[in-house]
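User: I would like to learn how to read the features of a model like this one. Please take them one at a time.

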Amino acid sequence: MMKKPNCPVIAIEKSNDVTGSVLPGAVVTYTLDVTVTEGPSTDVEVMDTLPAGLDDPTNISDSGVWDSA
C-alpha cells in the first residue's frame, strides 16, 4: 500500500489597523499572517495586491519586498 504524500495547507489572513472607512491621507498598516500546516513546505511565496488608490508602502517587514509593477 502506497503512503499518501503530505500536502501542505497554507492559510493567509489579512487585516488592517483601521476601524471603518479609510479616509484620504490616513496611514494604514496591513498585516498578512501566513500559516503552513501539514508540511513540510519550503519556498512558500505570498503575493498581495494593494487596493487601487493607495500609495506605495513605506515599511515592509519579515523579508518582504515591494514591486510596484
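User: Where is the place of Pro24?

Analyst: Strands are DSSP runs of E with at least two residues, helices are runs of H or I with at least four, and both are numbered from the N terminus. Pro24 sits in the loop between β1 and β2. The model is predicted, so local features need pLDDT of at least 70 and side-chain atom pairs count only at pLDDT 80 or more, while totals for chains, interfaces and linings use all residues. Residues are numbered from 1 along each chain as its sequence is written, and side-chain values use heavy atoms, with hydrogens and water left out.

User: Is Pro24 buried or exposed?

Analyst: Relative accessible area decides: under 20% is buried, over 50% is exposed, and partly exposed is in between (1.4 Å probe, protein chains only). Pro24 counts as exposed because its relative accessibility is 82%. Its C-alpha atom is separated by 39 Å from that of Thr42, 18 residues apart along the chain.

User: Which other residues lie in the loop between β1 and β2?

Analyst: Among them are Gly20 and Val18. Gly20 is exposed because its relative accessibility is 61%, whereas Val18, at 24%, is partly exposed. From C-alpha to C-alpha, Gly20 and Pro57 are 20 Å apart in space and 37 residues apart in sequence. For Val18 and Tyr30 the values are 9.1 Å and 12 residues.

User: How many salt bridges does the rule count?

Analyst: The rule asks for a side-chain nitrogen of Lys or Arg within 4 Å of a carboxyl oxygen of Asp or Glu. By this rule the count is one salt bridge. It joins the side chains of Lys14 and Asp48, at 3.0 Å from N to O. The pair links distant parts of the chain, 34 residues apart: Lys14 belongs to strand β1 and Asp48 to the segment after β2. Lys14 is partly exposed because its relative accessibility is 36%; Asp48 is partly exposed, with a relative accessible area of 36%.

User: Which residues form the nonpolar patch on the surface?

Analyst: A patch takes residues with over 30% relative accessible area and no salt bridge; like charges are joined within 9 Å and nonpolar side chains (Val, Leu, Ile, Met, Phe, Trp, Tyr) within 5 Å. Areas come from the Shrake-Rupley method with a 1.4 Å probe, and for residues only the protein chains shown count as cover. Here the patch consists of Ile10, Ile12, Leu32, Val34, Val36, Val44 and Val46, with about 500 Å² of accessible area together. The elements that give two or more residues to it are β1 (9-16) and β2 (30-37). β2 gives the most, with three residues. Val34 is in strand β2 and is partly exposed because its relative accessibility is 37%.

User: What volume does the largest pocket have?

Analyst: Rolling a probe the size of a water molecule over the atoms shows where empty space is left. On a 1 Å grid over the protein atoms alone, a pocket is an open set of points where a 1.4 Å probe fits, with protein on both sides within 12 Å along at least five of seven lines; lining residues have an atom within 4 Å of a point. Points are joined across faces, edges and corners, and the volume is the space filled by probe spheres set on them. The largest pocket has a volume of about 1600 Å³. Of the 35 residues that line it, Tyr30, Leu50, Pro57, Asn59 and Ile60 are the closest to its centre.
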